[in-house]
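User: Hi! Could you walk me through this structure?
Analyst: Happy to, let's have a look together.

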Amino acid sequence: MQMTQLDIVPFGTQHIEGAHALSRQAGWPHRLADWEMALALSTGVVGLDNEKVVGTTLTTRYGADCATINMVVVDETMRGRGFGRRLMEAGLDAARGMPCRLIATREGLPLYEKMGFRQVGTILQHQGFCAAVDAPVDVERAQPGHLPEIAALDQDAFGADRGGLISYLANIGRFAVIRRDGYVVGFSAIRSFGRGDVIGPVVAENAEDARKLILFQIAARRDAFLRIDTTGASGLSSWLVERGLVHVGGGTAMQRGDQAGKLSHAKTFALANQAFG
Ligand SMILES: CC(C)(COP(=O)(O)OP(=O)(O)OC[C@H]1O[C@@H](n2cnc3c(N)ncnc32)[C@H](O)[C@@H]1OP(=O)(O)O)[C@@H](O)C(=O)NCCC(=O)NCCS
């Protein structure tokens, strides 16, 4: 067995280009800007082999409630030597004992199971070009004053405070909302990501509202390549296919540690992306 020494060091902005090369090698669509966003909202480590980035892991903490572990990649020439496990251990240390969530690829699943994560759901990735649609009349573009309500609704559905993520999305993307009796009861976000735009998170009280919130974003981005990562439990998959967003893969939602589910009116129908949940 080859004895490559891997230095595990804090992930800094100087590592983004190397990390980007690694995610491209893994076939992931992330742009430099997507790595910048991930790093701005997370702490992380990189594995260095003679200064070259050959492994990454990010930990995104949401208040004191939970963290997601994401962007776990090892250079394909260096897999199977325990580096993935070492990077994951560093990622879990950064979560400081908080319950953790992640979306596993098929390749990552055995590692995560060994590290105490259990399967809790399925994520379905849909993408493509949609036929032109009209914007539903009862959805509106969000105003800055709606952001606290959007963040509160997201926290209700996700079960953790993602105020930092919501603010970041408001800066780089656009939110739409459904309001009833003057209150925000559902929202969707859209932003540039990977090959085009990603729609998510989508949080609503029911599937009908979720479909309207998605249609509003589709109507606003005619001709764009769109992606949406929905939950298996949402029941939206076949409807997305009918819109032109084909099912191209996905992942397994996993958790580690106690995450007592709270009864909530709001449900997450689409993720911000697989990294952030
Ligand atoms: C997932 C990934 C990070 C694993 O990295 P790695 O360096 O090969 O992992 P390790 O060598 O540390 O293996 C960790 C453990 O998982 C096990 N394992 C890894 N891949 C496995 C596989 N395909 N089947 C069964 N077990 C596997 C190893 O046996 C090892 O167990 P052990 O620690 O008890 O000996 C790497 O395959 C990768 O970068 N894949 C592409 C990107 C990706 O899908 N990342 C996951 C995102 S969720």
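Analyst: Let's begin with two helices: α5 passes α6 in a right-handed crossing. Keep in mind that this is a predicted model.

User: What angle do α5 and α6 pack at?
Analyst: Helix α5 (residues 147-158) and helix α6 (residues 163-172) pack at about 135 degrees, and their axes are 9 Å apart. An angle of over 145 degrees would count as roughly antiparallel and 65 to 115 as roughly perpendicular, so α5 is oblique to α6.

User: Which residues in α5 and α6 meet?
Analyst: From α5 there are Leu 147, Ile 150, Ala 151 and Asp 154, and they meet Gly 163, Ile 166 and Ala 170 in α6. By class, this contact has 5 nonpolar, 1 polar and 1 charged residues.

User: New topic: which residues come nearest to the ligand?
Analyst: There are 18 residues around the ligand, and Arg 79, Gly 84, Thr 105, Gly 108 and Pro 110 come nearest. The shell divides into 8 nonpolar, 5 polar and 5 charged residues.

User: And which elements supply at least two residues of that shell?
Analyst: β4 (66-74), α3 (83-94) and α4 (109-114) each do.

User: How is the protein divided into domains?
Analyst: Domain 1 covers 7-98 and domain 2 covers 125-270. In their contact, 11 residues come from domain 1 and 11 residues from domain 2.

User: Which helix gives the largest share on the domain 1 side?
Analyst: That's helix α2 (residues 32-40), with 3 residues. The side of domain 1 that touches domain 2 has 6 nonpolar, 2 polar and 3 charged residues.

User: How far apart are the domain centres?
Analyst: The C-alpha centres of domain 1 and domain 2 lie 26 Å apart.

Definitions and conventions
Residues are numbered from 1 along each chain as its sequence is written. This is a predicted model: local features need pLDDT of at least 70, side-chain atom pairs count only at pLDDT 80 or more; totals for chains, interfaces and linings use all residues. A residue is near a molecule or strand if its C-beta atom, placed from the backbone, lies within 6 Å of it. Helices (H or I, at least four residues) and strands (E, at least two) are DSSP runs, numbered from the N terminus. Ala, Val, Leu, Ile, Met, Phe, Trp, Tyr, Cys and Pro count as nonpolar, Asp, Glu, Lys and Arg as charged, and the others, Gly among them, as polar. Domain bounds come from an automatic or database domain assignment. Two residues are in contact if their C-beta atoms, placed from the backbone, lie within 7 Å. Axes are lines fitted to C-alpha atoms, for helices over the stretch in contact, and angles run from 0 to 180 degrees between N-to-C directions. Angles under 35 degrees count as roughly parallel, over 145 as roughly antiparallel, 65 to 115 as roughly perpendicular and the rest as oblique. A crossing is left-handed if the near helix is turned anticlockwise from the far one by less than a right angle, and right-handed if clockwise.
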